[in-house]
Amino acid sequence: MIRSHTDWPGVWFGVALGWLTAFHYFKLPPTLPVLLERFGYPELLAGAFMSVFALAGLLLSTWAGRRLGRFGARQLVFAGLLLTLVGSGLGLLTPLYPDAMLVSRAIESMGYAILSVVGVVLAVGAAAPRDKSLAAALWATWIPVGQVMAALVSFPALEFGLWQLGWVVGMALCIPALILNRTMERRSGVMPAPAEPRGALANEQKPDQEPAPSLGYRLLPALVFSLWSGQFIAYMTWLPEYLVKQQDIRAEQAALVYLVVPVMIVAFNLLAGLLLRRGLSFTLLLVGALLVQGLLWLVLPSLENPTIGLLCLALYGAAAGTVPTCMFNLPHAMGLGAAASTRAFASLMVGRNLGALVGPILLPQVHRWADDWHGVAMVFATITVSAAIVGALMMTVGDKTDNAAKEHR
């Protein structure tokens, strides 16, 4: 059923779930310099604290998408929030034990995997066709807003070495989310209808009722998102440590500098959404943004002037804000129905999580192999430009996407 009006409370509830789970995901990087110094975690293990979220997303995104269509949102949201609370509590109590800390992050990551799929389907599914690009843009802010929240919470506490504040605040934020989940039950209409028996579907569904994209068109966006996410999550995981060790600034200052990128991402998430709503090709935005990020990887190790460095961080954030808005707009632009959109969003999250799994672990290994940041920059610039090349291949189906988007408008 096509909505005639946007259910904005439903949109904002989905977006808020994304912000919350991204906060838990990214509460680690600003505190990482303090944790490494105090507890002596190996760098590979520290990378795994982030990559385990991607692993959970890779394993659970498709499962969550299927359960979402069958059982609705309320049960999955409750399960995701409960897992987040349990994992956060364990991490707060056991930082001295690296294995226990990894287990705690793994439990949190299961909640993240569930909530990220539910959130995007709720947010975009609650929007009428003319507002879906805007809803996708709002959802695309989930990661940068979570990063901003984590940095703002961590900044005042890091000066005193109080890394625990992010964990405490994150657990507190889960409580109102649980309460809202009960009040939003009546808005389950934003979700795909429960699956019908196969016989009924065969008799009632028309071939042109819900267009199905080709296998290649499903794989190309997932591959682009995977390559992009690998370099982006690596960048955002290790940026504070790079600033502390390479640029010789304090951890609390690094947390403040860290804010530049996600603030720019939020602004350009929304700007890209408005441009897409006005009919600008998502492929042009996507490829251009990826090429800019690849170039900035190359110049990063050579930057010495602090002002130029901040401008480059801001430009990286602007480009990084464009990519996810384009990707989360694809199911709508392709004219997919509710059930097909749920599968498409799950596939995008699988691609995103595959890249995010590898990136934070790959970067310290490349740094160890190259023994400097120039080698790291070359490898991750190559990954980013590869994403741009794959994105350009989507030009062959870009016209179909743009035409579908115009029909909705």
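**Salt bridges in their setting**

Modeller: The protein has an accessible surface of about 17300 Å², and carbon and sulfur atoms hold 66% of that area; accessible areas here come from the Shrake-Rupley method with a 1.4 Å probe, and for residues only the protein chains shown count as cover. Please keep in mind that this is a predicted model, in which local features need pLDDT of at least 70 and side-chain atom pairs count only at pLDDT 80 or more, while totals for chains, interfaces and linings use all residues. Residues are numbered from 1 along each chain as its sequence is written, and side-chain values use heavy atoms, with hydrogens and water left out.

The secondary structure consists of 17 helices and zero strands, where helices (H or I, at least four residues) and strands (E, at least two) are DSSP runs numbered from the N terminus. Of the 409 residues, 57% are buried, a word that stands for under 20% relative accessible area, with exposed meaning over 50% and partly exposed in between (1.4 Å probe, protein chains only).

Turning to the part you asked about, the structure contains five salt bridges, each being a side-chain nitrogen of Lys or Arg within 4 Å of a carboxyl oxygen of Asp or Glu. In general, side chains of opposite charge can pair when their charged atoms come close.

Asp131 takes part in two of the pairs described here, with Arg130 and with Arg277. In the pair with Arg277, the closest N and O atoms are 2.9 Å apart. This second pair links distant parts of the chain, 146 residues apart, with Arg277 in helix H12 (residues 260-277) and Asp131 in the loop between helix H5 (98-125) and helix H6 (132-139). Arg277 itself is partly exposed, with a relative accessibility of 25%.

Another pair lies within helix H10, where Lys245 and Glu241 are four residues apart and so are separated by about one helical turn. Their side chains meet in a salt bridge at 3.0 Å, N to O; Lys245 is exposed, with a relative accessible area of 61%, while Glu241 is buried, with 7%. Lys27, Arg105 and Glu108, in turn, are joined in a network of salt bridges.

Helix H10 (residues 215-245) also gives the most, 13 residues, to the largest nonpolar core, which has 109 residues. A nonpolar core is a set of buried Ala, Val, Leu, Ile, Met, Phe, Trp, Tyr and Cys residues joined through side-chain atoms within 4.5 Å. Among the residues with the most contacts inside this core is Phe232, which touches Ile143, Gln147, Ile265, Tyr316 and Ala320 when residues up to four places away in sequence are not counted; a contact here means heavy atoms within 4.5 Å.
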